[in-house]
Amino acid sequence: MMSFRFIPLSLFITAAAWFAAGCGSDGKPEIQKVEPATVSAAGGHVVVIDGKNFDADAQVLLGVWPAEVRSATGSRLEIVTPTGVAGTYDVTVRTTKGADIRKNALSMTPVVLRYDPAPGAIPASPSGPLMALAGLDANLDGAPDVAALTTDGAFRLALNQGQGRFTWTETLDASAVLDGRFSALVSGDFDADGAAEILLCGKPGTADSRLDFASDGSFVTTALDLRSSFSTCYDLIPLPPDADGKTSLLTWRSRPDVPSLRQLMVLRNTGSAFQLDEAVGEAADVTRPVTADVEGAIGSFSSSTEQSAGGKASGRLEYDFTVVRTTLRVSFPLPELTWIPQSVRFEFYGDASGHTLSLALVDASGERFSHSGAALTTASWGTLEATQVSGWLPSGGDGNGVFDLPATALELTLTPIESGPATGALFVDNLIVTGPVAGRYGVTDFERPITPIWASDEVTSTVWTLIDGLEPADAAFTTAKTGENALLHLVLGAGETGDWSEAGQIPLPVGRIRRLVPLDVDFDGDLDLVAVGSGQDQCLIHDGRGSFFNDTIACLPISRGDGRDAVTADANLDGLADLFVTAADGLCRLFEADGAGGFIDVTPVFGLDCENMTALVLLDADGNGLVDALFLDGSGLPVLFMGSEE
């Protein structure tokens, strides 16, 4: 996560445009004195401006920031300073008669900051311990709220009631999300409409989901219909917004049948939907056996690029009923789903043969539940969505007519008619099984990305960065192998084709990296990387030519804890990104940027007295313009520290 300051972007207007009207008129304001001449950047300080020709409607700028005018007479203005950044600023007074600027009249100094715990500010979730946090303004009231996942993957929302006091709001959770189970969440305004959104990685059996919030904190839940065989999601990392303000995301995914092999993809935001970059990929090698109910009928099934309902490939079923006309079956194994399938959907391209294309689900006992299907009357793409599985025709297995969990296979069936052709071929695409509420499993879409970046070892952290200094964004990720040191992988970005390229690997002298943080440590315009994990945190400096060198000794304080999370923010408002770090077996740490390409450990000075924390989100909980820190402790309880000025 990149650094941030609590300064509305709408305030960044030019002074010239702001007071242009009326300049040079008789009776224009004149500033004679500004006192005090120095305040902290924290905001909330009273400053007096003496002069003449002021009026009750006078407006004041401190640099580019408007200041609140608390009282006004013809010769004196009392203002309250906004939260800013350390530096020296011009003071501008504007009235209907014109404007006056006092150059370098007010200095703002870095904040002398202190952190204090706020017991009870955010209570324990009634749904149990938490494992992940995200900040957002869910109800658009200007106060940050908190979204969270419990340790069993349930989504929960805590609304800010004011002054940093939070209440868990179970009643606003949509039923689909209450029943879903998720492994990761990320918040943002992904469609640039001004309202908060959350994307959730679904655990196996739960679809990835999107929550769109309304002004009362309620939300609409949409299951992401990715039509992908890479249906298991592990992480979501927002990329920089595009020219239209839309945000796409990096995501690690795997196929349920090969969970140990994870693939890096882009979840592309089209404005109306999210699509995985594999939709522009090549045909995957999908071949399935074809069996006949009566010996003599012949069939074959494999991926093909002849037809596709989306992307580059589909599955081709070729049949030969010359010897005998009987049902052919193509079987796709299913993982151990914890829910009874409610429907199956897929696209098909018929051959106008009149034969019947259908499907069946096989339960744990081997009992087959068959759908009536549809006749292939045209040579064009169509969709078959079969619902109400309990009403399908049962046969075989234990014969009890009850669907016994788990489902073991999905079968496509082709049943010939006497008047239809003896040979031919048809195509199917995007096979998806859905369950109750958010349950969803993508069987296959017969495609894979053009140049996959995959990892068979555990991926412990991923971020976007700019390795070559060019768009699109690149990626860096770390892997861990038992008994070996961590490995940093660099890959150059995927453009519209989804085509990634490897840029190198860097061994790191630590066992496991939990968080990579991209920031410009040495102020040269290139994004460097700070890696936080088990042992000494690492500082990798970008050389401006696409390579990194390890400068940890000069860059970072000594640290030996089991680092779990790290987030940047300008804590003391000096204009530099500071670094908050959590550790599961040690103290929380606050590293202050020293302005010379390194960090100083100021944890004792700022009073950030916490330990054994596993997750972290930064927000201005009480609205005072300073960064507050919300942690999760080792037992999954939220712990809030409020930032204030000494």
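Strand S52 pairs with strand S53 (residues 638-645) in the antiparallel sense over four bridges, where pairing requires that DSSP find at least two bridges between two strands. The model is predicted: local features require pLDDT of at least 70, side-chain atom pairs count only at pLDDT 80 or more, and totals for chains, interfaces and linings use all residues. Residues are numbered from 1 along each chain as its sequence is written, and side-chain values use heavy atoms, with hydrogens and water left out. Helices (H or I, at least four residues) and strands (E, at least two) are DSSP runs, numbered from the N terminus.

Six of the six residues of S52 (residues 628-633) are buried, so the strand is largely enclosed by the rest of the structure. Buried denotes under 20% relative accessible area, exposed over 50%, and partly exposed the range in between (1.4 Å probe, protein chains only). In a regular strand the side chains alternate between the two faces of the sheet. In S52, Asp-628, Leu-630 and Leu-632 point one way, whereas Ala-629, Phe-631 and Asp-633 point the other way, and all are buried.

An open sheet of four strands was identified with the order S43-S44-S45-S46 and antiparallel pairing. Strands S43 (513-519) and S46 (548-550) stand at its edges with a single partner strand each, so one side of each lacks a neighbour in the sheet. Neighbouring strands of this sheet are turned by 25 degrees against each other on average, direction ignored; axes are lines fitted to C-alpha atoms, for helices over the stretch in contact, and angles run from 0 to 180 degrees between N-to-C directions. Three bridges connect S45 (residues 538-542) with S46 in the antiparallel sense, and His-542 is placed opposite Phe-548 of S46.

With a disulfide defined as a pair of cysteine sulfur atoms within 2.5 Å, the count comes to three disulfides. Cys-539 and Cys-555 are joined with an S to S distance of 2.4 Å, and their link is right-handed, with 70 degrees about the S-S bond. Cys-539 lies in strand S45 and Cys-555 in helix H3 (residues 552-555), so the pair ties together parts that are 16 residues apart in sequence. Both Cys-539 and Cys-555 are buried.

A disulfide also joins Cys-201 to Cys-233 (S to S 1.8 Å). This pair links distant parts of the chain, 32 residues apart, with Cys-201 in strand S15 (residues 197-202) and Cys-233 in strand S18 (residues 232-238). Cys-201 and Cys-233 are both buried. In the disulfide of Cys-588 and Cys-610, the sulfur atoms are 2.0 Å apart; this link is left-handed, with -135 degrees about the S-S bond. Both Cys-588 and Cys-610 are buried. Counting bonded cysteines along the chain, the disulfides follow the pattern 1-2, 3-4, 5-6.

Overall, the chain has four helices and 53 strands, and 51% of its 646 residues count as buried. Among contacts (heavy atoms within 4.5 Å) between residues at least 6 apart in sequence, 58% join residues at least 24 apart.
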